[in-house]
Amino acid sequence: MKILKVLTIVIMILAGKTAFAQQDSTMAQRDSAISRRNDTALPAYLAVKDGLIKSDSVGVAAAAQKFADELIKVRLRSHVLENLMALKKLRTDIIDEAKAIAATKDINEQRKHFANVSKGFWELAGKYRFIKETKVYYQQCPMTGVTWVSNSKEIKNPYYPKNMLTCGEVKAQL
């Protein structure tokens, strides 16, 4: 009888360990899927920036819509509800600006909205580190004060690519 009780306890312990191992595996798969989903926002943003450097308003509009779509998918997490709500509002503001870029073919209007997108995107990236495995640089044109995010230290000014392509400086990095 004692052996049967001990055997039952051992089986229950082993079953519990198996359940925890399966749960850990499921959580790791979910976190991996979230990381893959979150890693798409930066390349989409960079496509908008690169289109502005080329002064390709049609390409910029398409890239801005893709950026808005990818940013919607970014899963934000915070342990404090107020922080989470602030992150979500910031993301919504960035998405609205990206959609404004997508809605116009006027390159100068697109650049005005891009200034707001860039400022918000940098703030979001700094508060919630969803950009993985890539160094990003916050760059600024000292003549105008406008900023943008780049994955390279090399300055390519998306606001004045014809006259001041290399005008700018790195202000920060993540």
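Reader: Leaving aside its neighbours within four places in sequence, which residues is Ala61 in contact with?

Author: Once those sequence neighbours are set aside, Ala61 is in contact with Ile101, Ala102, Thr104, Lys105 and Gln110. Please keep in mind that the model we are looking at is predicted.

Reader: Where is Ala61 found, and does it count as buried or exposed?

Author: Ala61 is found in helix α3, and because its relative accessibility is 5%, with under 20% as the cut-off for buried, it counts as buried.

Reader: How many residues apart in sequence are Ala61 and Thr104?

Author: Ala61 and Thr104 are 43 residues apart in sequence, although in space they are 6.9 Å apart, going from C-alpha to C-alpha.

Reader: OK, helices now. At what angle do α3 and α5 pack?

Author: Helix α3, which covers residues 57-73, and helix α5, which covers residues 107-127, pack at an angle of about 30 degrees, and their axes are 12 Å apart. Angles under 35 degrees count as roughly parallel, so α3 is roughly parallel to α5.

Reader: And is the crossing left-handed or right-handed?

Author: The crossing in which α3 passes α5 is left-handed.

Reader: Which residues in α3 and α5 meet?

Author: From α3 there are Ser57, Val60, Ala61, Phe67 and Leu71, and these meet Ile107, Gln110, Val117, Phe121 and Leu124 in α5. Sorted by kind, the residues of this contact are eight nonpolar and two polar, with no charged ones.

Reader: What does Phe67 touch, not counting residues up to four places away in sequence?

Author: With those residues not counted, Phe67 touches Ala41, Ala44, Tyr45, Val48, Ile94, Ala98, Val117 and Phe121. Phe67 is also among the residues with the most contacts inside the largest nonpolar core, together with Tyr45, Val48, Leu71, Phe114 and Phe121.

Reader: How many residues has that largest nonpolar core, and which elements give two or more residues to it?

Author: The largest nonpolar core has 39 residues, and the elements that give two or more are α2 (41-53), α3, α4 (81-102), α5 and β2 (147-150). Of these, α4 gives the most, with eight residues. In soluble globular proteins, nonpolar side chains tend to be buried together.

Reader: Changing topic, where is Ser55 found, and what is its phi near?

Author: Ser55 is found in the loop between α2 and α3, and its phi is near 60 degrees, a positive value in a residue other than glycine. Most residues other than glycine have a negative phi. Ser55 counts as partly exposed, because its relative accessibility is 30%.

Terms used:
Residues numbered from 1 in each chain as written. Predicted model: local features only at pLDDT ≥ 70, side-chain atom pairs only at ≥ 80, totals over all residues. Heavy atoms only, no water. Axes fitted to C-alpha atoms, helices over the stretch in contact; angles between N-to-C directions. Helix = DSSP H or I, 4+ residues; strand = E, 2+ residues; numbered from the N terminus. Parallel < 35°, antiparallel > 145°, perpendicular 65-115°, else oblique. Left-handed = near helix turned anticlockwise from the far one by under 90°. Contact = heavy atoms within 4.5 Å. Nonpolar A, V, L, I, M, F, W, Y, C, P; charged D, E, K, R; others polar. Core = buried A, V, L, I, M, F, W, Y, C linked by side-chain atoms within 4.5 Å. Buried < 20%, exposed > 50% of the residue type's maximum accessible area, 1.4 Å probe, protein only.
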